[in-house]
Amino acid sequence: MCIRDRIRIVRLFFAVFLGLFSLMCMADQRESNIDQLIVLSGLKTQVSSFPGQVKAGVLQAASPGGIGEAQVSNILESVDNTIMPAVILREIRSSLAASLNDEETATLLKWYESDVGRRVTTAEEAASTPEAYEEMMQNAQMLTENDRRVQMAMRIDELVGATKMGMEMQDSTSVAIYSAMMAAMAPGQPVDIEAYEKEMEKIEPQIREQVQSLVMVSFLYTYQSISDDDMKKYEIFLSRPTSKKFNDSALSGMARGFDEVVNDLAGELAVIMQSDAA
């Protein structure tokens with residue numbers, strides 16, 4: 001398998017994980033409030049949908065003329081074995097419990113229990129299914145025709161740092177998967193990713209454009225049923241220090257959990273690639 005074949009596999013998963021796009025030990029009551037916040041904010045529902053989204057993305061990215069059916073089947077099985085929502089939620093819970101105090105948690109719960117908060121969360125949860133992702137991609141062009149809503153999506157991206165996280169996730173995910181495949185193809189040999197890095201440097205501007213474009217479409221699709229007035233209230237909420245602290249902490253925990261499951265996935269992908277090369 002040449003370097004371009006390996007990069008094709010890495011980029012397949014980069015495309016998949018982009019679709020993922022649109023969030024310790026303390027007293028018992030403290031844990032209960034954090035768990036309630038994870039549920040009310042929609043994080044639990046959205047993270048729980050990750051395996052289905054990844055598998056749907058694999059199927060979409062692999063066709064037509066990409067990788068073989070047997071290989072796709074093995075990859076889908078690996079996703080089931082490794083992309084564990086409980087692992088990601090554990091890291092999110094740990095991060096939030098360590099960073100938010102009782103007053104901040106109560107303030108956030110009050111927002112998510114409000115009418116606007118519930119409408120926003122409901123929209124985010126509805127947009128997190130594989131079926132919603134497919135519909136979103138089919139309607140991407142239409143969604144970007146409303147300049148006012150596009151500007152809104154850009155402001156939200158700036159507030160929550162979605163494009164920035166997407167690029168960071170792409171870096172960690174692609175390096176983990178590529179390194180695992182290289183190690184599998186040459187057991188016992190040091191992994192030299194210089195050639196891979198050179199290839200990725202050439203397309204970094206295109207990758208950033210893809211990430212930002214998908215983030216915009218994701219926000220436009222997710223909040224299409226939310227009125228402009230409610231979206232203004234949501235932007236105000238996102239701009240508050242407590243909300244930024246919550247978002248940063250949730251994303252940090254999510255990134256740690258995601259790194260863990262992706263490393264597990266990378267190991268299984270390496271075995272698949274090694275078997276195919278045998």
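The expected span of a helix is 1.5 Å times one less than its number of residues. With that in hand, welcome to a short tour of this predicted model.

**Helix H8**

- At 1.5 Å a residue, the 12 residues of H8 should span 16 Å, and the 17 Å between its end C-alpha atoms agrees with that.
- The buried residues in H8 are Val-116, Gly-117, Val-120, Thr-121, Ala-123 and Glu-124.
- These residues lie on the same side of H8, because they cover an arc of only 160 degrees around the axis.

- Asp-230, Met-231, Tyr-234, Glu-235, Phe-237 and Leu-238 are buried in H14.
- Their arc around the axis is only 160 degrees, which puts them on the same side of H14.
- Asp-229 and Lys-232, on the other side of H14, are exposed.
- The axes of H8 (residues 115-126) and H14 (residues 228-239) come within 10 Å and cross at roughly 95 degrees.
- Angles of 65 to 115 degrees count as roughly perpendicular, and H8 and H14 are therefore roughly perpendicular to each other.
- Where they meet, H8 brings Val-116, Arg-119, Val-120 and Glu-124, while H14 brings Asp-230, Lys-233 and Tyr-234.

**The largest nonpolar core**

- The largest nonpolar core has 81 residues, and Ile-92, Ile-156 and Tyr-234 touch the most other members.
- Helix H15 (residues 241-277) gives the most to this core, with 13 residues.
- Setting aside neighbours within four places in sequence, Ile-156 is in contact with Gly-161, Phe-219, Tyr-223, Met-231, Tyr-234, Glu-235 and Leu-238.
- Among these contacts, Met-231, Tyr-234, Glu-235 and Leu-238 are also buried residues of H14.

**Helix H5**

- H5 (residues 69-82) has 14 residues and reaches 20 Å from its first C-alpha to its last, close to the 20 Å expected at 1.5 Å a residue.
- Buried in H5 are Gln-71, Val-72, Ile-75, Leu-76, Ser-78, Val-79 and Thr-82.
- They sit on the same side of H5, because their arc around the axis is only 160 degrees.
- Glu-69 and Ala-70 are exposed on the other side of H5.

- Ile-88 and Gly-257 are 169 residues apart in sequence, yet 4.0 Å apart in space, C-alpha to C-alpha.
- Not counting residues up to four places away in sequence, Ile-88 touches Val-47, Phe-50, Gly-253, Met-254, Gly-257, Phe-258 and Val-261.
- Pro-190 is in the loop between helix H12 (162-185) and helix H13 (194-222), and at 74% relative accessibility Pro-190 counts as exposed.
- From Pro-190 to Ser-179 is 11 residues in sequence and 9.8 Å in space, C-alpha to C-alpha.

Notes. Residues numbered from 1 in each chain as written. Predicted model: local features only at pLDDT ≥ 70, side-chain atom pairs only at ≥ 80, totals over all residues. Heavy atoms only, no water. Helix = DSSP H or I, 4+ residues; strand = E, 2+ residues; numbered from the N terminus. Buried < 20%, exposed > 50% of the residue type's maximum accessible area, 1.4 Å probe, protein only. Arc of directions from axis to C-beta. Core = buried A, V, L, I, M, F, W, Y, C linked by side-chain atoms within 4.5 Å. Contact = heavy atoms within 4.5 Å. Axes fitted to C-alpha atoms, helices over the stretch in contact; angles between N-to-C directions. Parallel < 35°, antiparallel > 145°, perpendicular 65-115°, else oblique.
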